[in-house]
Amino acid sequence: MSQLLPTDPIQVVRAGPQRWEDVSTVMGRRGGSASCWCQFFRLRGTEWTGSTRQANRESLRHQVCEDAIPPGLLAYLDGEPVGWCAVAPKSAYPRVVAARGTGQALDGVWSVVCFVVRVGYRRRGVARRLIEGAVEFVREEGGRVVEGYPVDPARRSSISADELYHGSLGLFTDAGFTVVSRPSKARVLVSLDLDPRCPPPGPPPASDDSSPGGPAAC
């Protein structure tokens, strides 16, 4: 993938095999991310309820280390792994496909389903760079549409940090996404059509070889 501008303090890379330890660092040891390990949308019914924290971790490790296309992106701030974004073809997320109001189109459609930003690094533009990187990632993989399922804080009196793992509506609209529908009071379906004639909304993710953080074997 293309390199970032060297002046950008936040760099975004594909979460490939050499990045597993950094993915683990971002997921942490407490909270929803350390329990789910970005498997909620990949599992349904008893597959999810019967899964364990360790099984979820191992599933993500396998996806990062073995899948031909990484299951997400990592953000680094001054060389420190600080953020994660899960993005994959929509068909990889059975829960999304089955959900009311997310649409049934699958051909060329990719989904951005999760953001994790480590405590101490929030409100510093990490999620913004991740969504920009996700758009470029999908573009480079030949996707034609990127969907997101953010929450609209304006429609809820109180939203927890865990609820914002989908991302906020403003995060997506600032990156060029448009509102398609509102499946529920606070939940929104947004979409971005990728036209090869249009430039990406921000600097693209760096290649794994040129990015900070250093290799960490699986």
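Two strands pair if DSSP finds at least two bridges between them, and that is a handy starting point for the sheet in this structure. Welcome to a predicted model, in which local features need pLDDT of at least 70, side-chain atom pairs count only at pLDDT 80 or more, and totals for chains, interfaces and linings use all residues. Residues are numbered from 1 along each chain as its sequence is written, and side-chain values use heavy atoms, with hydrogens and water left out.

**The sheet**

- Seen as DSSP runs numbered from the N terminus (helices are H or I with at least four residues, strands are E with at least two), the structure has an open sheet of 7 strands in the order 1-2-3-4-5-7-6, with mixed pairing.
- Strand 1 and strand 6 (178–181) stand at the edges with a single partner strand each, so one side of each has no neighbour in the sheet.
- On average, neighbouring strands of this sheet are turned by 30° against each other, direction ignored; the axes behind such angles are lines fitted to C-alpha atoms, for helices over the stretch in contact, and angles run from 0 to 180 degrees between N-to-C directions.
- Strand 5 (residues 145–148) pairs with strand 7 in the antiparallel sense over 4 bridges, and Glu147 stands opposite Ser191 in strand 7.

**The nonpolar cores**

- A nonpolar core is a set of buried Ala, Val, Leu, Ile, Met, Phe, Trp, Tyr and Cys residues joined through side-chain atoms within 4.5 Å; buried means under 20% relative accessible area, exposed over 50%, and partly exposed in between (1.4 Å probe, protein chains only).
- The largest such core has 29 residues, and Val87, Val112, Phe115, Leu130, Ile131 and Phe177 have the most contacts inside it.
- At least two residues of this core come from each of strand 1 (10–14), strand 2 (72–77), strand 3 (80–89), strand 4 (109–117), helix 6 (126–140), helix 7 (169–174) and strand 7 (189–193).
- Helix 6 gives the most to this core, with 7 residues.
- Another core lies apart from it, with 24 residues that include Trp37, Ala86, Tyr93 and Cys114.
- Leaving aside neighbours within four places in sequence, Phe177 is in contact (heavy atoms within 4.5 Å) with residues including Ile131, Val135, Phe172 and Val190, as well as Glu147 and Ser191.

**Cysteines**

- With a disulfide taken as a pair of cysteine sulfur atoms within 2.5 Å, a search of the whole structure finds 0 disulfides.
- The sulfur of Cys38 is 3.5 Å from the closest cysteine sulfur, in Cys114, which is too far for a bond.
- For Cys36, the closest cysteine sulfur is in Cys38, at 5.8 Å, again too far for a bond.
- Cys38 is buried, with a relative accessible area of 12%, and is found in the loop between helix 2 (33–36) and helix 3 (45–49).

**Backbone and local details**

- Cys38 is not a glycine, yet its phi is positive, near 55°.
- Arg123, also not a glycine, has a positive phi of about 60°; Arg123 lies in the loop between strand 4 and helix 6 and counts as exposed at 88% relative accessibility.
- Pro81 is found in strand 3 and counts as buried at 7% relative accessibility.
- Pro81 and Asp22 are 59 residues apart in sequence but 5.9 Å apart in space, C-alpha to C-alpha.
- Leaving aside neighbours within four places in sequence, Pro81 is in contact with Asp22, Thr25, Val26, Ala75, Tyr76 and Arg118.
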